Amino acid sequence: MQTATANAGKFNAVNTERFFKEISHFFERPEGVLLEIAQNAHRAGATTLNIKIDKDKNTLTAEDNGHGADSVAPMFCLADSAWSKEVEEGQMPAGWGLFYLMAISERVAYQSAFGYVEVDCNRFLGVHEYREGLFGLIKPNEKATGFRLVANLKEGVAARLTDLCEQWKSPWNYPSNLSYFPLDIVINGMRVERHSLSEKIEGGYTTLEYKPGCTIYLKPLSRGRLFRDGKAIYDHIGVVFHGIPINVCRNFYAYSEVFIDVTEGCPLTPVLPYRTAIKKDEKLEEMCEYIRQYIVDTIVQEMESGLSNYMDEMG
């Protein structure tokens, strides 16, 4: 049976039109767009990110002081990327971020080194001809330093984002998803409190330098809870991958055994495009074996030390 993606002459591996029309259903939570915006700012070398959410006007404005974008092509090409080689190899950008924003917006205006462009999100996602003519909408003379966007959000989205930010103010909440990025983030005048996994040292965690840019924080007395029958319990591992928290949340703190802070390279593989999990591959197995061997060596050393002390006492 022939379909729209196949005929006698050629075959298209992706039904582009249907994919773009359904793309809004790929995104679970509108608040995830804040993480995407912060991630892009971090990759662009920004030190500050200012976000304003107006629930009355239903708008989102974000501006950073990074190196900006000199071309819109990678921004509007799904799975494309124009990041540096270091970012490409170390962080594995999926090229989905701004599609996340457009899926929850009616219109979005972008401004940077390329100039200014305003996009009708519904037409961009639903009309092929509109996407093809997008370059004609660019105003190259209206350049700006850094990167700035103004989004007219879909109904209810701004209120949801505002409620989330209000929750972050509570002293009972654990760090927000934006807390681990090494930049100053302000949302509606409220500075997002910055955190680092290095704080685990104060809780008695053992620090292991696994690889350059990758630090392991091992919870005290976790020897019997991290491994079962010689195999790692992956649900007990939390990761901050280049500022993105994975399994680092309020509920996770109660039973976590290991936290891993990745600031350079890619010693672990995040599951793309959203990075909400770490892939259970050979990289993770190698790291868990490193931790297991450290625990074994520590136990052996303690046993030998205890035996030595006993023999000295028996003298």
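This is a predicted model: local features need pLDDT of at least 70, side-chain atom pairs count only at pLDDT 80 or more; totals for chains, interfaces and linings use all residues.

Modeller: Residues are numbered from 1 along each chain as its sequence is written, and side-chain values use heavy atoms, with hydrogens and water left out.

Biologist: How many helices and strands are there in the protein chain?

Modeller: Helices (H or I, at least four residues) and strands (E, at least two) are DSSP runs, numbered from the N terminus. By that count the protein chain has nine helices and 14 strands.

Biologist: What percentage of the residues in the protein chain is buried?

Modeller: Buried means under 20% relative accessible area, exposed over 50%, and partly exposed in between, with a 1.4 Å probe and protein chains only. The protein chain has 315 residues, and the buried part is 44%.

Biologist: Among contacts between residues at least 6 apart in sequence, what percentage joins residues at least 24 apart?

Modeller: A contact means heavy atoms within 4.5 Å. Of the contacts in the protein chain between residues at least 6 apart, the part that joins residues at least 24 apart is 60%.

Biologist: In the open sheet of seven strands, what is the strand order?

Modeller: Two strands pair if DSSP finds at least two bridges between them. The pairing in this sheet is mixed, and the order is β4-β3-β5-β2-β1-β6-β7. Each edge strand pairs on one side only, and these are β4 (115-120) and β7.

Biologist: Which residue in β2 stands opposite I51?

Modeller: Strands β1 (residues 48-54) and β2 (residues 59-64) pair in the antiparallel sense over six bridges. Opposite I51 stands A62.

Biologist: What angle does the direction of helix α2 make with that of β2?

Modeller: Axes are lines fitted to C-alpha atoms, for helices over the stretch in contact, and angles run from 0 to 180 degrees between N-to-C directions. Helix α2 (residues 32-43) packs on the sheet and touches β1, β2, β5 (147-153) and β6 (184-187); its direction makes with that of β2 an angle of about 20°.

Biologist: Why is α2 described as largely enclosed by the rest of the structure?

Modeller: The buried residues of α2 include V33, L34, L35 and I37, and also E36 and R43. Helix α2 is largely enclosed because its buried residues number ten of the twelve.

Biologist: In β5, what is the bridge partner of T59?

Modeller: β2 and β5 pair in the antiparallel sense over six bridges. In that pairing, the partner of T59 is N152.

Biologist: In the open sheet of five strands, which are the edge strands?

Modeller: The pairing in this sheet is mixed, and the strand order is β8-β9-β14-β12-β13. The strands that pair on one side only are β8 and β13 (244-246).

Biologist: How many residues of strand β9 are buried?

Modeller: Strand β9 (residues 214-218) has both faces covered, with C214, I216 and L218 buried on one side and T215 and Y217 on the other. The number of buried residues in β9 is five of five.

Biologist: In the hairpin of β8 and β9, which residue takes a positive phi?

Modeller: β8 and β9 pair in the antiparallel sense over five bridges. Their hairpin has two residues between the strands, and the residue with a positive phi near 80° is G213.

Biologist: Is S179 buried or exposed?

Modeller: S179 lies in the loop between α7 and β6. Because its relative accessibility is 2%, S179 counts as buried.

Biologist: The side chain of S179 reaches the backbone oxygen of which residue?

Modeller: A polar contact is a pair of N or O atoms within 3.5 Å; within protein, one must be able to donate a hydrogen and the other to accept it, and residues adjacent in sequence count only if both atoms are side-chain atoms. S179 touches V192, E193, R194 and H195, not counting residues up to four places away in sequence. At 3.0 Å, its side chain reaches the backbone oxygen of E193.
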